[in-house]
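I am opening my notebook on this protein model. I will look up one thing at a time and write down what I find.

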Amino acid sequence: MNGTNEYQKNDSIHCYSASGGFFDRLVNRGRVYYRKAQCFKNTPDITALRDDISHIIRTSLSDGTCSGSITSINYLTKIPLKFTHQSLERLYVLNINELMQSRVLILGLSMLVLTLFIWPLSIITFKNTDAWADDYFVIIFLHISMSVTVFLYMLLTITTMSNLYHLCELFSLVTFGCIITIWGIWHLIAGIFLRDEFDNSLIKGVSASNEAMYAFNFIYGILPIVALDTILPTRIIYTWWIHLSFIILYSSSVISYCIVNLSYVPIAYTVIRVLSYFSIALMLLIGSYATELQSRLNFFNWLITCDKIAQLESQVKCFKKKSIATPAELIVERIKNCVKLSHTLENANKGKDLDLETSLQSVTDSLKECLDLISTSNLYSVPIMDMPNDAQNVINAYVTNKPNKNEMEKFKKSQTMIIKHQNLVQRYHNIVIKRNYTLDDLQDKNQGNIKNVSEEDIICGTSKLRKSLDQLKPVKLPIVDGIDKSIMYNWNFNILAHFKNHVDPFCSISYVMLNEFFTQTKIESIIAANFLRLVENIYNNTSYHNKMHGLMVAQKMVCLANFVNIFDKMNVLDRAAFVISGLCHDIAHPGRNNAFFINNMDRVSILYNDLSVLENFHASCTFKILEMPETNIFQNLSKKDFIYCRSKIVSLILATDMADHFEIISKFRLLRANPEKELGPEILLATQKLIIKAADISSSAVPWEESLEWVQRLLTEFYAQGDDEAALGLPISPLCDRNRHDEVAKSQVSFLKFVMAPLYEQLEEIEGENGNVKHVCMRNLIDNTAIWEQGFVVPFLDDQQYKFNPASVDLELLL
């Protein structure tokens with residue numbers, strides 16, 4: 001390729017960036033070879049170059065040999081060193097010129113300043129010596145050389161700051177070539193005419209002249225070559241003649257000086273100097289060749305990588321345009337693209353950097369593992385099979401609602417399952433419609449149309465709630481004597497003791513927690529009292545899921561929200577909905593869990609399609625109470641505020657379903673994993689869900705004496721459920737078999753470690769190392785765990801007073 005013609009072709013070049021192609025990827029990402037991409041002003045040029053490069057890249061990829069630098073070498077000639085395709089060479093030239101711009105600018109300014117400093121210094125040096133006393137033209141030639149050097153460096157500096165910066169390589173070669181030549185000639189002349197006849201008085205001057213010649217030799221001979229070969233990414237096809245000029249001129253100077261001053265200049269000295277110049281030039285030339293070769297290989301491989309990345313981006317854009325995709329689909333697509341990109345980078349790096357290759361392989365493996373994980377049916381489930389058997393039983397009991405394997409086998413073998421289930425339906429259900437309507441009953445035999453069911457045929461559930469309220473009349477206002485607001489923030493406040501010692505335990509604390517809302521929304525005291533009294537009355541007299549548990553959860557929620565510093569950040573509606581969800585989260589609880597009603601195909605499980613059965617029921621009961629004007633504490637809210645409160649309460653009550661335990665924790669962790677997320681509605685709701693879950697099982701994080709009684713109460717319910725399941729021929733749920741009472745301690749340890757601890761650890765992270773969650777809640781949790789680990793045997797609780805029969809959900813409350 002002719003150098004002059006090549007630069008003439010590039011005269012119209014401004015910057016290269018083929019729109020829609022991979023050339024946008026030619027941006028410096030930490031590599032030393034590629035800076036900002038360039039493109040042609042001339043449209044035919046840009047089109048032609050883009051098409052040529054694309055064809056070359058596609059050809060190299062289709063060869064199947066594109067691994068490491070093998071393909072790159074196929075597109076290179078070793079001598080002279082250049083790309084075999086003119087388009088590749090042109091693109092390479094564009095990029096090295098762009099890269100050289102800043103370097104040439106710094107180098108030109110530095111050499112200009114150095115020359116302006118040396119020039120007057122050399123005048124002073126030669127003025128004090130008579131080394132060229134009779135040869136003034138040597139000094140004149142020195143000034144001419146200095147003038148030309150200054151001019152060339154100034155021209156080089158100005159060029160890099162102008163629109164001609166794309167010709168940096170050309171100007172650099174011309175500048176440094178001319179400087180080396182001019183100073184080589186001066187060195188030759190100065191050596192020939194350096195006086196060889198002098199007495200002792202002139203020794204000092206001649207020595208100074210020699211030293212000046214050596215300095216000029218280094219600054220304007222060796223230094224420019226070093227700059228061309230190490231600092232500037234020039235091409236050796238154009239720099240070899242500069243090395244040759246340096247060897248010829250400076251060797252000639254030394255030889256001439258030796259011949260002229262043969263009497264006192266040893267021949268060995270001359271040979272050593274010539275060999276030194278030759279060795280320096282040759283080593284720099286070889287190093288420049290190796291550097292340029294690696295640069296070209298990397299450049300070509302980078303083009304291939306850029307093209308592959310562009311293809312991936314194109315695929316992503318096409319994927320976005322095809323259809324509306326869910327975030328999960330987009331994540332899968334992004335991971336797939338990352339796997340492809342990782343493979344691409346592995347191929348481009350193969351055999352070069354083993355550490356990088358290993359890292360890329362690890363990235364690829366991790367991304368593939370991510371694809372497998374994200375393709376699972378439940379992203380938020382925990383690997384139960386990897387846990388100890390005790391932990392599996394506990395999680396099956398509290399989270400998955402799955403029976404023990406042995407019990408399930410017995411259940412499958414039972415031939416009386418259907419008969420006993422039919423008996424169960426007859427035994428446990430009160431029908432809210434006056435008679436059991438079937439499809440045949442509702443259908444006109446003659447016309448085939450569905451009959452209208454009159455209001456008289458339906459017993460309104462709200463009427464039953466109103467009857468319950470009427471039974472409480474005259475409704476007394478809550479007795480708040482002795483109730484201080486600080487109780488809400490005291491974690492170790494004993495709810496069980498409070499119910500034993502206070503005349504109005506439920507409504508007193510509830511009223512204090514909601515007093516701010518009642519005041520700001522101007523709710524009459526009697527309406528507030530009606531609501532609280534009815535909620536208290538609707539709670540069943542079960543051993544655990546009773547009004548004491550409801551109040552405890554609400555109080556612990558406020559306490560935890562205060563610990564993690566979000567209670568004061570809530571507005572009055574948030575705080576009210578927060579407290580009400582705690583008070584009502586288990587309202588009308590039947591003392592059996594979701595699995596019991598789902599396995600029985602109970603009407604409540606059919607009503608809610610087996611999804612968060614009791615939690616949906618509790619939320620519905622709450623708003624059935626709020627439907628009545630006498631108990632509607634939201635009556636003064638706007639429609640918008642009411643919808644907001646309803647959404648918040650329903651969300652929080654549904655969050656108490658233990659089936660969503662690990663999902664809620666996992667989603668919260670993911671939210672907090674984003675440091676840019678601030679405390680907005682999304683994070684606030686996620687934190688509130690975490691808190692109500694922690695409060696719902698807080699009985700294991702209170703002091704031992706209180707915690708033990710709560711465990712006894714819970715076991716009473718569990719064992720009652722197990723008795724019912726055994727009587728019905730159903731598999732006994734985990735932890736519900738009273739014949740396995742000796743396993744309670746192990747179960748409690750597993751529950752505390754695998755269910756409770758992860759939940760409270762998240763709250764601890766929010767509050768910080770020195771907070772109350774760690775030093776109060778977690779301290780109780782750790783102490784209680786230590787006692788259970790010693791194999792503590794739980795005394796049975798007298799459950800005669802908690803006989804709740806029938807153990808069914810009263811759907812009359814909802815209709």
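First, a term I need: buried means under 20% relative accessible area, exposed means over 50%, and partly exposed is in between (1.4 Å probe, protein chains only). The model is predicted, so I note its limits: local features need pLDDT of at least 70, side-chain atom pairs count only at pLDDT 80 or more, and totals for chains, interfaces and linings use all residues. Residues are numbered from 1 along each chain as its sequence is written, and side-chain values use heavy atoms, with hydrogens and water left out.

**Entry: cysteines**

I looked up Cys178 and found it partly exposed, because its relative accessible area is 32%. Cys645 is buried, at 0% relative accessibility. How many disulfides does a search of the whole structure find? I got zero. The test asks for a pair of cysteine sulfur atoms within 2.5 Å. A disulfide is a covalent bond between the sulfur atoms of two cysteines.

**Entry: a binding site from the record**

UniProt lists Asp586 under "binding site", in an unreviewed entry. UniProt positions follow the numbering used here, feature names are shortened, and annotations may be inferred rather than shown by experiment. I found Asp586 in the loop between α21 (572-584) and α22 (594-599). Helices here are DSSP runs (H or I, at least four residues), as are strands (E, at least two), numbered from the N terminus. Is Asp586 buried or exposed? Asp586 is buried, because its relative accessible area is 6%. I then listed its contacts (heavy atoms within 4.5 Å). Leaving aside neighbours within four places in sequence, Asp586 touches Tyr539, His545, His549, His618 and Asp696.

**Entry: helix α24**

His618 also turns up among the buried residues of α24. Of the 15 residues in α24, 12 are buried, so I wrote "mostly covered". I checked the length of α24 (residues 613-627) next. The expected span is 1.5 Å times one less than the number of residues. For α24 that gives 21 Å, and its end C-alpha atoms are 21 Å apart, which agrees.

**Entry: nonpolar cores**

A nonpolar core is a set of buried Ala, Val, Leu, Ile, Met, Phe, Trp, Tyr and Cys residues joined through side-chain atoms within 4.5 Å. The largest core has 131 residues. Leu583, Ile633, Tyr760 and Trp788 have the most contacts inside it. Another core lies apart from it, with 40 residues, among them Leu112 and Cys168. Not counting residues up to four places away in sequence, Ile633 touches Phe517, Phe518, Ile523, Ile527, Ala528, Phe531, Ile580 and Leu626. In soluble globular proteins, nonpolar side chains tend to be buried together.

**Entry: salt bridges**

I counted a salt bridge when a side-chain nitrogen of Lys or Arg is within 4 Å of a carboxyl oxygen of Asp or Glu. The structure holds 18 of them.

Glu292 and Arg296 form one, at 2.9 Å from N to O. They are four residues apart in helix α9 (residues 267-322), so about one helical turn separates them. Glu292 is buried at 2%, and Arg296 is buried at 0%.

Lys648 pairs with Asp574, the closest N and O atoms being 3.3 Å apart. Lys648 lies in α25 (residues 639-654) and Asp574 in α21, so this pair ties together parts 74 residues apart in sequence. Both residues are buried.

Glu789 meets Lys753 at 2.9 Å, N to O. Glu789 lies in α30 and Lys753 in α29 (residues 744-767), so parts 36 residues apart in sequence are tied together. Glu789 is partly exposed at 47%, and Lys753 is partly exposed at 43%. Shared partners join Glu89, Glu169, Arg235, Glu292 and Arg296 into one network.

Most residues other than glycine have a negative phi, and most peptide bonds are trans. The peptide bond from Ile79 to Pro80 is cis, with omega near -5°. Pro80 lies in the loop between β3 (76-77) and β4 (82-83). Lys522 has a positive phi, near 60°. Lys522 is exposed, with a relative accessible area of 70%. Asn565 has a positive phi of about 65°, and Asn565 is partly exposed at 48%.
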